[in-house]
Amino acid sequence: MISRRVFSAAILSVLSASSLTPALAQTPAGLVPHRAVYNLELAEASERSGISNMFGRMVYEFTGSACEGWRVNFRFVTQLESGGEKKTTDQQSSTFEDPKSGRFEFESRTYNEDRLEKEVNGFAERKPEGIAVDITSPEEKQVDLAKARFPTQHTLDVLNIAAKGQHFYEARIFDGSDDGDKTLVTSTVVGAPVATDTDAKDLKAIGALKDEKAWPVTIAYFEDGKMTDALPNYRMSFKLFPNGVSRDLTMDYGDFVLKGSLVKLDMLPGEGCKSK
């Protein structure tokens, strides 16, 4: 899923692999194309943040297949209230990940009050020695980075370790975020699968998935090279279904925390693999 700061120090408790249900204790069949819409609201904010209120909406659209490549379109719109002023930010991104060629294309735009503030475009290619990144805008730039997973590969990794009953996974990822010139190190904790509460607010939105169990997942994102002596840049928690759909989001940015509730889920046509 879905590639966008820290929980108080606590011990994350997970159950043993034997608690996995037979329906989930198997290799995931694959990610399904879908469009998920989440309403965002402020869960908490420190005095230091200066935030009095924050809300918004996030749209995540996933299409493609392992043989045709995966495309993700993402939009994250928030309105922040601070010091009596309101500010609207609109972040838009699109990526294409080809697992066969090892190529990853990315483009992103950030608008503040409808004014374009930042735009980053480029592509990355997997090489034997690592990741070669070509940034085409705002200015041309080439960067060589260490070996890393791309976002959809990472999601599949998490699903596979969850299905095997494993609970911890660390990996370096490259998703083209920020300035598109660095990697992040991730630390993932996966809990035992849980059923959807019968009184969950998003029960209607998840449709047929209401009868499916999902894994509680927490992923901490660290600046590369600073994992051992620094707090995460941010941390995300969510419930992850075997088909890649997520619900019940929590996004912790350190000074403030956002909650995301799934309000609409559309399953999209699959592209499948074209015969030669």
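Okay, let's start at Ala-36, which sits in strand 1, the stretch covering residues 34–45. Quick reminder before I go on: this is a predicted model.

So, is Ala-36 buried or exposed? Its relative accessible area comes out at 0%, and since the cut-off for buried is under 20%, Ala-36 counts as buried.

What does Ala-36 touch, once you ignore residues up to four places away in sequence? There's one group with Met-58, Val-59 and Tyr-60, and then Leu-262, Lys-264 and Leu-265. Take Met-58 from that list: in sequence, Ala-36 and Met-58 are 22 residues apart, and C-alpha to C-alpha the distance is 8.2 Å.

Now let's follow Tyr-60 onwards. Tyr-60 stands opposite Phe-74, a residue of strand 3. That brings us to the pairing of strand 2, residues 53–65, with strand 3, residues 69–82: the two run antiparallel and are joined by 13 bridges. Together, strand 2 and strand 3 make a hairpin, and 3 residues lie between them.

Next stop, strand 4, which spans residues 85–98 and pairs with strand 3 in the antiparallel sense, over 13 bridges.

Key. Residues numbered from 1 in each chain as written. Predicted model: local features only at pLDDT ≥ 70, side-chain atom pairs only at ≥ 80, totals over all residues. Heavy atoms only, no water. Helix = DSSP H or I, 4+ residues; strand = E, 2+ residues; numbered from the N terminus. Buried < 20%, exposed > 50% of the residue type's maximum accessible area, 1.4 Å probe, protein only. Contact = heavy atoms within 4.5 Å. Pairing = 2+ DSSP bridges.
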